[in-house]
Amino acid sequence: MKAAGCLCWQVKELVLDNCRSDDGKIVGLSSDFENLEFLSMININLLSVSNLPKLNKLRKLELSDNRISGGLEVLAERTPNLTHLNLSGNKIKDINTLEPLKKLPNLHSLDLFNCEVTMLINYRESVFTLLPQLTYLDGFDADDQEAPDSDPEADGDGLEDEYENGEGEEEDDDDEEDDLDEEVIDDEEDEDDDLEGEEEEDGVDDEEEDEEEDGEDDEEDEADDDLPRGEKRKRNLEDEGEEDPEDEEDDEDD
């Protein structure tokens, strides 16, 4: 198994999970990764950490599901600032195998899940006594209080913050769209009010015209009432397109 070889000094996190080491060695992983802070080598058939390069800035080392049974003294020499160490699923059987970890003063979290050592009587008390700098063993402190997510860079909290910020921006965009929608609705309502006002004015104008026409008809009727009876009858016949019988008789006499 080879690690990346270009621009090593820029790399802060390196994940080599589920690869296969060459006879338990990590080919290509060197001290050139001088700024490496997080290294994960889960299930790579690693037999020991003897070939681990010097990584002064390494803080979190994931070595679970390998075949490591000892030789942990190398860690104090090669990774002096280690704070998190995961050895779950390895071949560690005795408490004494962990004694070299006393030389890691900053180590405050150690995981040994599925190692035979966890089956020993008073396992937890013995480990906390051996390694007083430890705060959490297998995810819990000496009082059985669960460990919080205390490593933002390793746990991806930084990405969550970016996501939350992005979500906040999306919410702001949604608010702006809602404001625009409300303005459009208000404009449509104003247009509807204007149309209703125009329709009402048209209705008033139509009523006034009808009233004026009715008034003119009434005036004509009143004028007809003032005419003598004969003249009134004659005018009515003329309006209906009929001739007066008296005029017909006069024509016959002629």
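**Architecture and local features of a predicted protein chain**

The protein chain contains six helices and six strands, where helices (H or I, at least four residues) and strands (E, at least two) are DSSP runs numbered from the N terminus. This is a predicted model in which local features need pLDDT of at least 70 and side-chain atom pairs count only at pLDDT 80 or more, while totals for chains, interfaces and linings use all residues. Residues are numbered from 1 along each chain as its sequence is written, and side-chain values use heavy atoms, with hydrogens and water left out.

Read from the N terminus, the order of elements is β-β-β-α-β-β-α-β-α-α-α-α. The six strands form an open sheet in the order E1-E2-E3-E4-E5-E6, with parallel pairing; two strands pair if DSSP finds at least two bridges between them. At the edges of this sheet lie strand E1 (13-15) and strand E6 (136-137), each of which pairs on one side only. Strand E5 (residues 109-111) is joined to E6 in the parallel sense over two bridges. In this pairing, Ser-109 stands opposite Tyr-136 of E6.

Some figures describe the protein chain as a whole. Of its 254 residues, 30% are buried; buried means under 20% relative accessible area, exposed means over 50%, and partly exposed lies in between (1.4 Å probe, protein chains only). The accessible surface comes to about 17100 Å², and carbon and sulfur atoms contribute 41% of it. These areas come from the Shrake-Rupley method with a 1.4 Å probe, and for residues only the protein chains shown count as cover. Among contacts with a separation of 6 or more, 50% join residues 24 or more positions apart; a contact means heavy atoms within 4.5 Å.

Most residues other than glycine have a negative phi. Asp-65, by contrast, has a positive phi near 60 degrees. Asp-65 lies in the loop between strand E3 (60-62) and helix H1 (73-78), and its relative accessibility of 43% makes it partly exposed. Asn-114 likewise has a positive phi near 60 degrees. The position of Asn-114 is in the loop between E5 and helix H2 (123-130). With a relative accessible area of 71%, Asn-114 is exposed.

Another loop, between strand E4 (84-86) and E5, contains Pro-100. This proline counts as buried because its relative accessibility is 18%. What does Pro-100 contact beyond its neighbours within four places in sequence? The residues are Leu-72, Glu-73 and Ala-76. Pro-100 also lies 9.6 Å from Gly-70, C-alpha to C-alpha, although the two are 30 residues apart in sequence.

Side-chain charge pairing is the next topic. Side chains of opposite charge can pair when their charged atoms come close. How many salt bridges does the structure hold? There are three salt bridges, each defined by a side-chain nitrogen of Lys or Arg within 4 Å of a carboxyl oxygen of Asp or Glu. In one of them, Glu-62 meets Lys-60 at 3.9 Å, N to O. Glu-62 is buried because its relative accessible area is 13%, and Lys-60 is buried at 12% relative accessibility. Another salt bridge joins the side chains of Glu-77 and Arg-78, with an N to O distance of 3.9 Å. Glu-77 counts as exposed, having 51% relative accessibility.

A further salt bridge connects Arg-124 with Asp-144, whose closest N and O atoms are 4.0 Å apart. This pair links distant parts of the chain, with Arg-124 in helix H2 and Asp-144 in the loop between E6 and helix H3 (152-155), 20 residues apart. Arg-124 is partly exposed at a relative accessible area of 22%, whereas Asp-144 is exposed at 54% relative accessibility.

The cysteines complete the description. A disulfide is a covalent bond between the sulfur atoms of two cysteines. A search of the whole structure finds zero disulfides, the criterion being a pair of cysteine sulfur atoms within 2.5 Å. Are Cys-8 and Cys-115 buried or exposed? Cys-8 counts as buried because its relative accessibility is 8%. Cys-115 is also buried, with a relative accessible area of 3%.
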